[in-house]
Amino acid sequence: MNFPSSKMWLGGLTVVCVMVLLLGGVYVRMGPVTTGKRTIHRSRFLRIKGYQQLHSPGGSQNDKGLLSAIATHWKSSSDARNLSVKEQAVSTRNMSKEAQRTTDKERNQGRTVTRDQNLKGREGQSKTTSSQTVRRQKMSLVGQKEEQAVRKENERQTTHTTQKTKLQLTQVNHRPVATKKSVSKLSLCPKKPPDLVGSLFINAYAKVNLDEVKKKNPGVTFGGFYTPPDCQPRDRVAIVIPFRDREEHLKVFQHYMIPVFRRQLIQFKIYVIEQAGNCDFNRGMLLNIGVLEAAKDGDWQCFCLHDVDLILENDRNLYTCPERPKHLSVAVDKFNYRLLYSTLFGGITILTKEQYWKINGYSNKYWGWGGEDDDLYKRVVNNGMTIMRPDAAVARYKMVRGTHHKTSKINPARFSLLSTATHRMKEDGLNSVSYKVTGRKEYQLYTKITVALNGHVNC
Ligand code: NGS
């Protein structure tokens, strides 16, 4: 066996030493960089170095200075990360109980945006964490979800991952900001309002303090107008209430119904149409007047004709504009929550402007209690429409009155009027109503229009 000579050993050792030195140099030039307690990849270090050199007034900076700058950068970003978590916790805590009832999916989407917003906030942009913002984001997201569903349908070919990315991007881009400028850019309110609570407990004899009601319903302006502040409403609804001598009922109505309308995300205004004088009450005529006056006052898509003494017991019964004339008060406690008869169209109905004009509104000829709603039903059917009703499980109402018969005399002529209803409908109605406005007053939460009716011998 041949052993290498001492010369060869020496040569080999020198080669190894040179290689170690070379590799060490390469590592120092290209390996990771230690900044404070952290080690970062050299490419990142060089990126920051380049950035610093470009932006520092001297044009260059030594590596020691850079290392301390990077250490500061690390500290501030980790602070920001902690802030994100903190802010998220505040947002979550501020979420109303109702908001928390939304589905986990919606909540997760909300978090995605909140996180994004916090990160943006770190970059010196707007930083809002109030519960209102969270609700705004939530509404926007639910509205966008519907828009996205349609878009998704059209983009079926794209992969799941692409869709997911697009979804998140859209959410971020559409995030509403609470500025006046953005009001017109609000996304459409969700079809399914997220803050509905379902069953409601109604105390028909509640002592109502209107100042309290006003405080609990911010955004309802003097005269009773409201529009959702965080999204663009899909429905603009005039609530028209025929009225005389029911002040207590009107208070209970405001107390319970205004929060419902707000949660349903409709734009609304409450018009109370008061009959002046003492002659027989004419509900149909008051409703015609209310619709005409409301139509002069605002650009309403539909009209809800609402008895003042019916209070909704489940806010999932929506006051949105219907495809067909809609009867809302399906199940009333007074009738053991059963529909009195299949063609009943009284209590609360909602019609679009087109539908109401098409049937020429109510007949003006029903003085006293009964029949005007049956007449309206005939008009709907004779104009080629059918009525619709929500599920009786949600269309539940409590009637707060004792008996209306005390204040409104039964109309003995109602059956004979009904027998000729369809013959009269073209000339007896919205186009023939005769009245005089004797008073108009805006209250905190509604507008009252007092009218003197023409057409009755005693009026
Ligand atoms: C019918 C009336 C309707 C009335 C309905 C329910 O008998 O106008 O009762 O009344 N029709 C006639 O009299 C022809 S309620 O007790 O709910 O006011 O709406």
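What does the protein average in pLDDT, and what share of the residues score at least 70? The average is 74, and 60% of the residues score at least 70; pLDDT is the predictor's confidence in each residue, from 0 to 100. This is a predicted model: local features need pLDDT of at least 70, side-chain atom pairs count only at pLDDT 80 or more, and totals for chains, interfaces and linings use all residues. Residues are numbered from 1 along each chain as its sequence is written.

Colour by pLDDT and select residues 45-130, where the value is below 50. Beyond near neighbours in sequence, this stretch has 79 contacts in the model (two residues are in contact if their C-beta atoms, placed from the backbone, lie within 7 Å). Residues 153-182 also have pLDDT below 50, with 31 such contacts. Where pLDDT is low, the predicted coordinates should not be read in detail.

Next, select strand 6, residues 302-306. Strands (E, at least two residues) and helices (H or I, at least four) are DSSP runs, numbered from the N terminus. Five of the five residues in strand 6 are buried, meaning that 20 or more other C-beta atoms lie within 10 Å of a residue's own, with C-beta atoms placed from the backbone. C302, C304 and H306 point one way, F303 and L305 the other.

Strand 4 (residues 236-243) runs parallel to strand 6, joined by four bridges, and I239 stands opposite C304. Strand 10 (residues 348-352) is antiparallel to strand 6 over five bridges, with T352 opposite C302.

Now show the largest nonpolar core, which has 73 residues. Such a core is a set of buried Ala, Val, Leu, Ile, Met, Phe, Trp, Tyr and Cys residues joined through C-beta atoms within 7 Å. V237, V240, Y271, I273, F303 and C304 have the most contacts inside it. Helix 9 (residues 247-263) gives the most to this core, with eight residues. Centre on Y271: leaving aside neighbours within four places in sequence, its contacts include I239, V240, E293 and I449.

Move to the open sheet of three strands, in the order 7-11-9, with mixed pairing. Strand 7 (310-312) and strand 9 (331-332) are the edges, each pairing on one side only. Strand 7 pairs with strand 11 (residues 396-399) in the antiparallel sense over three bridges; I311 has K398 as its bridge partner.

Finish at the ligand, surrounded by L340, G346, G347, G370, G371, D373, D374 and R414, where a residue is near if its C-beta atom, placed from the backbone, lies within 6 Å.

Conventions
Buried ≥ 20, exposed ≤ 12 C-beta atoms within 10 Å, placed from the backbone. Pairing = 2+ DSSP bridges.
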